[in-house]
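Okay, everyone, thanks for coming. Let me put the thing on the screen and then walk you through the packing, the rings and the strands.

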Amino acid sequence: MSVLKSLKEAEDIEDLAALLGYKPKSLAYILYKIPDGAKYTTFTIPKKTGGEREICAPIAQLKLLQRRLANILYACRDEIDKSSKLGSLSHGFRRGHSIVSNAKPHRRRRYVLNLDLKDFFPSFNFGRVRGFFIKSKAFELNEKVATLIAQIACHNNALPQGSPCSPVISDLLAHLLDARLAKMAKAQGVTYSRYADDLTFSTSKKEFPAALATSKEGETNVWELGEELVSRIVDAGFAINPDKTRMQCHASRQLVTSLTVNAKVNIRQEYYRRTRAMCDALFKTGQYADVPFNKSLARRQDSVTANEGGATGSGPWAPAKAGIKSLGPLGGRLAHIHYVKDTIDTREEIDKRKHMTAFRMLYYRFLFYKNFVALDKPLVLTEGKTDNVYLSLAVRHLPKFHPKLGQPSAKGFQSALRYFNHVNKTSKVMELDGGSGNFKFFVLRYADLIAKFGHKPQLHPVIMLLDNDDGAKDILAVIKKNYGIEIKPSSTNSFFHITDNLYVVTTPHVGKKVKTCIEDFFEPSLLKEELNGKTLNLGTPNPATEYGKHIFAEKVVRPNASTLKWDGFEPLLQRLSDVLDHYEPPT
């Protein structure tokens, strides 16, 4: 049965609780027993355009409930979209949509009109949310269920900014506005799209339709919204923010959700140049600040600073010392640019890696600096994500290595190591997402990359952990050729210092077994554990009869970590500990 159909058939708290994965008593407790004043933590953050925005962050129990509700509603909307004839009008808070997909329909247009809705989330009160789920032809929910959804979602009679389910609910309710404005726009020969509270209309007609907006007589570049457009927005229950209404003609730069659309969708050049300058400063000095290139660029920057996250001397523009946390604002800018440029670059991923653009190389250098040069902890670079699971659990359950590798605390176990994440954007851009085969290129570039940084603190070592088997032969060959260090399977060295802060540790021998992998440190009986009649295959499993490493790590090792014998990992952890003792940061 589809999720939407199940939600439609729900009649009471028992039915909704089951859909959300709760017991009715647990759901009722969160809704009715926890005092309303204790359900949220309220604070303010500065708006990009000045002033403050109130954030209502739900407590953990309510946040989980709201996230589960959001997942159900996202699934329902996916079903609804499949039968919709309107196509994608809204691009915010939607799977497969973004600021890029929102901007694309407005490329190469004579006129681009942008306007913002005022107080978007607060405009959806309890009655409006409840009424939508009852009356909407797509949902038509039981009144009790609609009431429960509104109680889960609303705070102080509105959708709070900070709740996981506010985005999807607000977008569902705004669909009526989209339908009305799209119909009006089509009749006028205009393209319409919406990203959250940001509405865009564009056309290449010689004159912009007066029903939407007209140029104010006697004033240059001043436009007034048409009465028909304003009426439709107000009738749908929204208000317009007059300070953010702007008409952009083709002769000037046209922006849609902060992206240029004059010729193609792209990042603003001054935003990119400024980010590049910040990177240059970071790589040379370990600090970065908002320093304009020249006077003309500085004047242009003044007009866009409000849209880029703060002013000089505060927020992301303040000088930042090199360190993982302080690199966050700059990393956010680079990630944003990378997302946009990677989305509009239609080449295959293999071609993107083989023929890097200038920006991708810049982003690569930043990620290298952040993850391997400006470390806040020693880094362990393993061949895959399952190795991280084994190591972190082994450290936790072998007190012999506390506190050097980690130790318990009031906040839980605190690891003294950091493990490279193999499943995020960093691993993809740095080409470290495909197992040990990619390590050879990483090692090959390592010394040259570090040499190009003026500032290279290297306070901690980077430990590359390799299985002592034939899978590592290519990378070992690169190390021998480029660094003159020969690593043989028969070696019993605790570690190998390759260059700068880079070390290699190979898995120790196990008894008479020389060629080993990390799974050899578990008891043999554990490797024979069956799951649903399937046996473990550390290579490429047959799905019909076997399971692989990931399932072994998550379904066998992790759930039973407290009862497993971890003694077999002691020689490996000792090698990691030996690296920490050996490494001395450059002075």
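So, start with Phe 133. Skip its neighbours within four places in sequence, and Phe 133 is in contact with Leu 73, Phe 139, Glu 140, Leu 141, Ala 146, Ile 149, Ile 169 and Leu 172. One caveat before I go on: what you're looking at is a predicted model.

Where does Phe 133 belong? It's one of the residues with the most contacts inside the largest nonpolar core, alongside Leu 7, Phe 139, Ile 169, Phe 201 and Ile 233. That core has 69 residues. Which helix gives the most to this core? That would be α4, residues 60-82, with 8 residues. Then there's another core lying apart from it, with 60 residues, including Val 100, Val 340, Leu 367 and Tyr 446.

Okay, rings. Searching the whole structure turns up 34 aromatic pairs. I'll show you two. In the pair of Phe 120 and Phe 238, the rings are stacked, with 6.1 Å centre to centre and 20° between the planes. What I like is where these two come from: Phe 120 is in the loop between β3 and α6, and Phe 238 is in the loop between α10 and β8, so to speak a link between distant parts of the chain, 118 residues apart. Are they buried or exposed? The cut-off for buried is under 20% relative accessible area. Phe 120 comes in at 7%, so it's buried, and Phe 238 is at 5%, so that one counts as buried too.

The other pair is Tyr 272 with Phe 359, and this one is edge-to-face: 5.9 Å centre to centre, 65° between the planes. Again it links distant parts of the chain, with Tyr 272 in helix α11 and Phe 359 in helix α15, 87 residues apart. Both Tyr 272 and Phe 359 are buried. Tyr 272 also has a charge over its face: Lys 341, at 5.5 Å from the ring centre. For Tyr 271, the residue over the face is Arg 333, at 4.1 Å from the ring centre.

How many of its residues are buried? It's 12 of the 16, which makes α15 mostly covered. Among the buried ones are Arg 360 and Asn 371, as well as Leu 367, Phe 368, Tyr 369 and Phe 372. Keep an eye on those aromatics, as Phe 368, Tyr 369 and Phe 372 sit in one aromatic cluster with Phe 283, Phe 420, Phe 442, Tyr 446 and Phe 453. And you've met Leu 367 and Tyr 446 already, as members of the 60-residue core.

Now look at β19, residues 502-506. It's mostly covered, with 5 of its 5 residues buried. In a regular strand, side chains alternate between the two faces of the sheet. Here, Leu 502, Val 504 and Thr 506 point one way, Tyr 503 and Val 505 point the other way, and all are buried.

What about the partners of β19? With β17 it runs parallel, joined by 5 bridges, and Ile 463 has Tyr 503 as its bridge partner. With β18 the pairing is antiparallel, over 3 bridges. There, Phe 496 stands opposite Val 504, and Thr 499 is bridged to Leu 502. The hairpin of β18 and β19 has 2 residues between the strands, and Asp 500 takes a positive phi near 50°.

One more hairpin, and then I'm done. β4, residues 191-195, and β5, residues 198-203, run antiparallel with 5 bridges, and Ser 193 has Thr 200 as its bridge partner in β5. This hairpin has 2 residues between the strands as well, and in it Ala 196 takes a positive phi near 60°.

That's my tour, so over to you.

Notes:
Residues are numbered from 1 along each chain as its sequence is written. This is a predicted model: local features need pLDDT of at least 70, side-chain atom pairs count only at pLDDT 80 or more; totals for chains, interfaces and linings use all residues. Side-chain values use heavy atoms; hydrogens and water are left out. A nonpolar core is a set of buried Ala, Val, Leu, Ile, Met, Phe, Trp, Tyr and Cys residues joined through side-chain atoms within 4.5 Å. Buried means under 20% relative accessible area, exposed over 50%, partly exposed in between (1.4 Å probe, protein chains only). Helices (H or I, at least four residues) and strands (E, at least two) are DSSP runs, numbered from the N terminus. Contact means heavy atoms within 4.5 Å. Rings of Phe, Tyr and Trp (its six-membered ring) pair if their centres lie within 6.5 Å; planes under 30 degrees apart count as stacked, over 60 as edge-to-face and the rest as tilted. A charge sits over a ring if NZ of Lys or CZ of Arg is within 6 Å of the ring centre and within 35 degrees of the ring normal. Two strands pair if DSSP finds at least two bridges between them.
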